[in-house]
Amino acid sequence: ADGFVIGSCIKEIPLAGKDVTQFIVDMLRDRQEPIPPECRLEAATTIKEKHAYIAKDLVKEFKKYDENSSKIKVLEGNKPRSQEKWSIEIGHERFLAPEIFFNPEIFSERVTTPLPNLVDQCIQSSPIDYRRKLYENVVLSGGSTMFERFPERLQRDIKGIVDARLQRAFDKSGSKPSDISVKVSSSSKQRYAVWFGGSVFSMGPLFKHVLHTKAQYEEIGPNIARSNALSAALGA
């Protein structure tokens with residue numbers, strides 16, 4: 001808010017790209033696709049990066065695959081040692097894998113809060129004067145947000161949560177609250193936004209006061225990374 005980090009509003013979802021890859025590996029193994037075990041991880045990574053996308057509606061997406069076989073893709077490769085060819089079909093994995101961000105329970109029992117709900121919780125825990133601005137300025141960052149239709153799905157689901165809350169307020173009070181706009185933004189720097197932001201920060205006057213020097217690392221070791229002067233400097 002106003003350029004400052006509100007540490008108490010920071011939340012995380014313990015899911016990342018490696019979990020998407022692992023979910024694909026699990027599905028390929030459960031389906032008993034004829035892929036060599038030593039090639040399974042590489043194949044799953046390829047599926048994630050080149051064929052996966054976000055579905056607008058899971059039920060309708062399953063139906064599309066039932067009605068249109070052209071949506072099923074073929075992935076081929078060679079065994080590392082013998083160079084023997086292998087081939088598998090990839091179907092539901094394409095949209096089920098990244099769905100873990102919106103329905104995490106399909107992959108993990110320890111994660112139950114979908115990403116749209118988590119974003120809403122973050123904004124709701126911020127000062128009330130900033131909430132409308134934050135809903136209009138949800139910025140995507142990281143490779144796992146690069147899936148096709150990710151921005152549209154996240155925006156739609158957050159908007160649904162917000163509208164449901166406004167409807168409950170209207171039902172309770174009888175007074176219609178003003179609409180809240182939700183906007184999820186993506187950019188060409190989205191994949192490497194964290195590194196881009198870090199490089200911009202490194203050019204500022206605050207950087208020299210929060211960095212760890214090579215001499216400090218050599219003296220203290222890897223544990224020095226557990227202390228973060230940046231968080232204290234920003235008031236997080």
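**Burial, packing and backbone**

Biologist: How many of the 10 residues of α5 are buried?

Modeller: Helices are DSSP runs (H or I, at least four residues), as are strands (E, at least two), and both are numbered from the N terminus. Buried means under 20% relative accessible area, exposed means over 50% and partly exposed lies in between, with a 1.4 Å probe and protein chains only. On this scale α5 is mostly covered, and its count of buried residues is seven.

Biologist: What kind of model is this, and at which pLDDT do side-chain atom pairs count?

Modeller: Residues are numbered from 1 along each chain as its sequence is written, and side-chain values use heavy atoms, with hydrogens and water left out. This is a predicted model in which totals for chains, interfaces and linings use all residues, local features need pLDDT of at least 70, and side-chain atom pairs count only at pLDDT 80 or more.

Biologist: Which elements are included in what covers the buried residues of α5?

Modeller: The buried residues of α5 are Leu115, Pro116, Leu118, Val119, Asp120, Cys122 and Ile123. With contact taken as heavy atoms within 4.5 Å, their cover includes α6 (131–135), β3 (138–139) and α7.

Biologist: Is the crossing of α5 and α7 left-handed or right-handed?

Modeller: Handedness is judged from the near helix: anticlockwise from the far one by less than a right angle is left-handed, and clockwise is right-handed. By this convention, the crossing in which α5 passes α7 is right-handed.

Biologist: How many charged residues does the contact of α5 with α7 have?

Modeller: From α5 the contact uses Leu115, Pro116, Asn117, Val119, Asp120 and Gln124, and from α7 it uses Phe150, Leu154, Asp157, Ile158, Ile161, Val162 and Arg165. Ala, Val, Leu, Ile, Met, Phe, Trp, Tyr, Cys and Pro count as nonpolar, Asp, Glu, Lys and Arg as charged, and the others, Gly among them, as polar. The contact has eight nonpolar and two polar residues, and its charged residues number three.

Biologist: At what angle do α1 and α2 pack?

Modeller: Gly17, Val20, Thr21, Ile24, Val25, Leu28 and Arg29 of α1 meet Arg40, Leu41, Ala44, Thr45, Ile47 and Lys48 of α2. By class, this contact has seven nonpolar, three polar and three charged residues, and the crossing is right-handed. The axes of α1 (residues 17–30) and α2 (residues 37–50) are 9 Å apart, and the packing angle is about 115 degrees.

Biologist: How far is the sulfur of cysteine 122 from the closest cysteine sulfur?

Modeller: A disulfide is a pair of cysteine sulfur atoms within 2.5 Å, and a search of the whole structure finds zero. Cysteine 9 is in no disulfide, and this residue is buried at a relative accessible area of 10%. The closest sulfur to that of cysteine 122 belongs to cysteine 9, and the separation, too far for a bond, is 7.3 Å.

Biologist: What is the C-alpha to C-alpha distance between arginine 153 and isoleucine 54?

Modeller: Arginine 153 is found in α7 and counts as buried, at 9% relative accessibility. Leaving aside neighbours within four places in sequence, arginine 153 is in contact with Ile54, Ala55, Lys56, Glu99, Phe102 and Asn103. Although arginine 153 and isoleucine 54 are 99 residues apart in sequence, their C-alpha distance is 7.4 Å.

Biologist: What is the phi of glutamine 83?

Modeller: Most residues other than glycine have a negative phi. Glutamine 83 lies in the loop between β1 (73–78) and β2, and counts as partly exposed at 49% relative accessibility. Glutamine 83 is not a glycine, yet its phi is positive, at about 60 degrees.

Notes. Axes fitted to C-alpha atoms, helices over the stretch in contact; angles between N-to-C directions.
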